[in-house]
Amino acid sequence: AVEVRNVFWENSENGGRRRQADKVDLAEQSLLNKLIRRSLVRNRNQVEVLQRDPTSPLYSVKTFEELRLKPELLKGVYNMGFNRPSRIQENALPLMLAQPPQNLIAQSQSGTGKTAAFSLAILSHVNPANKWTQCLCIAPTYELALQIGQVIEQMGKFCPDVKLAYGIRGNRLNRGVKLQEQIVIGTPGTVLDWCTKYKFIDPKKITMFVLDEADVMIATQGHRDQSIRIQRQLTKDCQMLLFSATFEESVWRFAEQVVPEPNIIRLKREEETLDTIKQFYVECREKEDKFTALCNLYGSLTIAQAVIFCHTRKMAAWLTAHLTTEGHQVAMLSGEMTVEQRAAVIERFRNGKEKVLVTTNVCSRGIDVEQVSLVVNFDLPVDLDGNADNDTYLHRIGRTGRFGRRGFAVNMVDSTHSMDIIKQIEMHFTKCFGMHHPIKKQLDP
Ligand code: ADP
């Protein structure tokens, strides 16, 4: 009993730190997504639009031409390889470009075209003849601000008179300067300082305010308050736009503080399905045993590419070393790597340079590789209390069997506790999703 309590105490200690770390990870995860994404994520759901004025007609566009953009901007859009608006863009673009200006709160998962949408709105909005800052855009981190800036620069490639400045730490200007760039993108702290303390920007001349990644923003208390303070400097005619990948209650409350009289656009995440995935578990004694089972599995299946999840960095390193000794080409992802390093590893894996990817949980969300035919839970996903983490399970397993392909998921069970977890997961998904393939025991792995 003493031992159990000890473990529990250790866990909750770590839990405190983990929760802190998770917040930082949100911004990193988002950056990783951006670094490795090459195209729109698939989403066939209907967009929900809640108009401020329900009597005004609801515009949606199927082409970029319908938006009557400046020719140089349209050229920039096509030059990026965009043929037609994404689902969220169909509704968001006409709304953001409408006259008189309208406020917008928009939510859809990452990869659905939000950044491209507001970049287009910004470029369309600013008047290049006016040499002062007209549009402010804030993001949670330096790196995310740079990513947005790159999209705007690329899209605005044929608009030579539109200029952009980065309001990020380390970017020092001389006192008394007034910025001439029409667009400023930055983090809340620096942008607030530029507006109030240094007066590089006159907030009364801002006519468009964009807040990106609201959910990540409010994970940091300071950012939340700074964002609200920036917003309060602006005039009531300034157009306010807010974007978020998720929409919990806390994001709503924040969004409504920042965006008065909003129109609301939402695109629900397309549900991941386990229908095309065969799920198994293998009973083992300890990690060496799990390793043997894994090697046997390899012998008996034709596997394109596999992702293997471990609970700790140490376990991932151990497994990577052993698989490499067995002659497998293995890549490893772990939380200690920088986001750029992680993006590079995922890129190599995606290009087939390695067939096996060993990873800890922190990295699971970004991995979206079509060829993955096997996912192995070398350690089962558990939450801080040691219970089954069903969401993580779905995310991990969802890495395989994508787009109707057949996939396998194998769970390594090494104790009565992990057997319990398997049962919890089974119960959960049978109940919630009507899973066709309850987790089966692989008799002859
Ligand atoms: P989000 O901000 O919602 O994460 P992005 O705007 O970054 O989404 O878009 C995700 C990916 O899709 C990017 O690689 C982007 O270049 C691309 N993309 C965006 N809009 C379109 C479009 N209309 N057609 C094709 N690709 C697009």
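A polar contact here is a pair of N or O atoms within 3.5 Å; within protein, one must be able to donate a hydrogen and the other to accept it, and residues adjacent in sequence count only if both atoms are side-chain atoms.

This is a predicted model, so local features need pLDDT of at least 70 and side-chain atom pairs count only at pLDDT 80 or more, while totals for chains, interfaces and linings use all residues. Residues are numbered from 1 along each chain as its sequence is written, and side-chain values use heavy atoms, with hydrogens and water left out.

Let's start with the ligand.

| Residue | Part of the residue | Distance to a ligand oxygen |
|---|---|---|
| Gly 111 | backbone N or O | 2.6 Å |
| Thr 115 | side-chain N or O | 2.5 Å |
| Ala 116 | backbone N or O | 2.9 Å |

On its own the ligand exposes 560 Å², and the protein buries 82% of that (Shrake-Rupley areas, 1.4 Å probe). Its shell has 19 residues, with Arg 84 and Lys 114 also among the closest (a heavy atom within 4 Å).

Now for Leu 234, which sits in the loop between α8 (221–233) and β7 (239–244). Why does Leu 234 count as buried? Because its relative accessibility is 9%, and the cut-off for buried is under 20%. Leaving aside residues up to four places away in sequence, Leu 234 touches Leu 136, Pro 203, Ile 206, Phe 209 and Met 240 (heavy atoms within 4.5 Å).

Methods. Helices (H or I, at least four residues) and strands (E, at least two) are DSSP runs, numbered from the N terminus. Buried means under 20% relative accessible area, exposed over 50%, partly exposed in between (1.4 Å probe, protein chains only).
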